[in-house]
Amino acid sequence: GPLKTSVDVRQFKFIIDEPEKLGGNNEAPTPLEYVTGALGGCFTVTIELITREFKCGLADLEVNCLGFVDNRGLFGTADVSPHFQSVKVDITLKSNIPPSKHNVFHDECLKRCPVYNLIRDSGAPIQVHWIHLKLD
């Protein structure tokens with residue numbers, strides 16, 4: 001269909017599409033929606049790896065990502081970037097990471113998350129908000 005792309009990566013296949021209002025069929029996420037999903041998935045993997053390195057337990061993890069885009073850049077109607085204008089990430093984790101180690105943990109996660117760094121290096125402001133819940 002129009003604006004629809006079939007992608008093969010290793011042994012996996014997925015579809016990229018655009019909403020109907022942009023001329024697509026709304027059959028799959030847009031490229032930038034996949035990027036926000038990749039950001040959430042990348043944070044999840046990074047947090048799980050670093051939690052293990054800290055030798056701490058992790059009982060629950062939720063990552064919510066929101067990307068803000070000015071579509072005028074894509075349509076060429078304004079001199080703005082077509083990528084994210086800003087990104088907001090909310091991370092809630094239930095772990096036994098000591099509060100005294102939270103800042104070190106956050107810094108290590110931000111340093112090592114590839115998709116976070118890709119977006120940050122694009123110049124788009126990216127805000128990460130952490131909520132730590134105590135593991136029972």
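**Aromatic rings and helix contacts**

Mentor: One aromatic cluster is made up of Phe-43, Phe-54, Phe-105, Tyr-116 and Trp-130. The model is a predicted one, in which local features need pLDDT of at least 70 and side-chain atom pairs count only at pLDDT 80 or more, whereas totals for chains, interfaces and linings use all residues. Residues are numbered from 1 along each chain as its sequence is written, and side-chain values use heavy atoms, with hydrogens and water left out.

Trainee: How many aromatic pairs does the structure hold, and why is the pair of Phe-14 and Tyr-34 called tilted?

Mentor: There are five aromatic pairs in the structure. The rings of Phe-14 and Tyr-34 lie 5.0 Å apart, centre to centre, with 50° between their planes. Rings of Phe, Tyr and Trp (its six-membered ring) pair if their centres lie within 6.5 Å, and planes under 30 degrees apart count as stacked, over 60 as edge-to-face and the rest as tilted, so the pair of Phe-14 and Tyr-34 is tilted. Because Phe-14 lies in strand 2 (residues 12-16) and Tyr-34 in helix 1, the pair ties together parts that are 20 residues apart in sequence; helices (H or I, at least four residues) and strands (E, at least two) are DSSP runs, numbered from the N terminus.

Trainee: What makes Phe-14 partly exposed, and what makes Tyr-34 partly exposed?

Mentor: The relative accessible area is 28% for Phe-14 and 29% for Tyr-34. Buried means under 20% relative accessible area, exposed over 50%, and partly exposed in between (1.4 Å probe, protein chains only), so Phe-14 is partly exposed, and so is Tyr-34.

Trainee: Why does the pair of Phe-43 and Tyr-116 also count as tilted?

Mentor: The ring centres of Phe-43 and Tyr-116 are 5.8 Å apart and the planes are 55° apart, which makes this aromatic pair tilted. Since Phe-43 lies in helix 1 and Tyr-116 in helix 4, the pair ties together parts that are 73 residues apart in sequence. Phe-43 and Tyr-116 are both buried.

Trainee: What makes helix 1 oblique to helix 4?

Mentor: The axes of helix 1 (residues 31-53) and helix 4 (residues 114-121) come within 7 Å and cross at roughly 135°. That angle makes helix 1 oblique to helix 4, because angles under 35 degrees count as roughly parallel, over 145 as roughly antiparallel, 65 to 115 as roughly perpendicular and the rest as oblique. Axes here are lines fitted to C-alpha atoms, for helices over the stretch in contact, and angles run from 0 to 180 degrees between N-to-C directions.

Trainee: Which residues of helix 1 and helix 4 meet?

Mentor: From helix 1, Val-35, Ala-38, Leu-39, Cys-42, Phe-43 and Thr-46 meet Pro-114, Val-115, Tyr-116 and Ile-119 of helix 4, where contact means heavy atoms within 4.5 Å.

Trainee: Beyond its neighbours within four places in sequence, what is Phe-43 in contact with?

Mentor: With those neighbours left aside, Phe-43 is in contact with Val-63, Val-89, Ile-91, Leu-110, Cys-113, Tyr-116 and Val-128.
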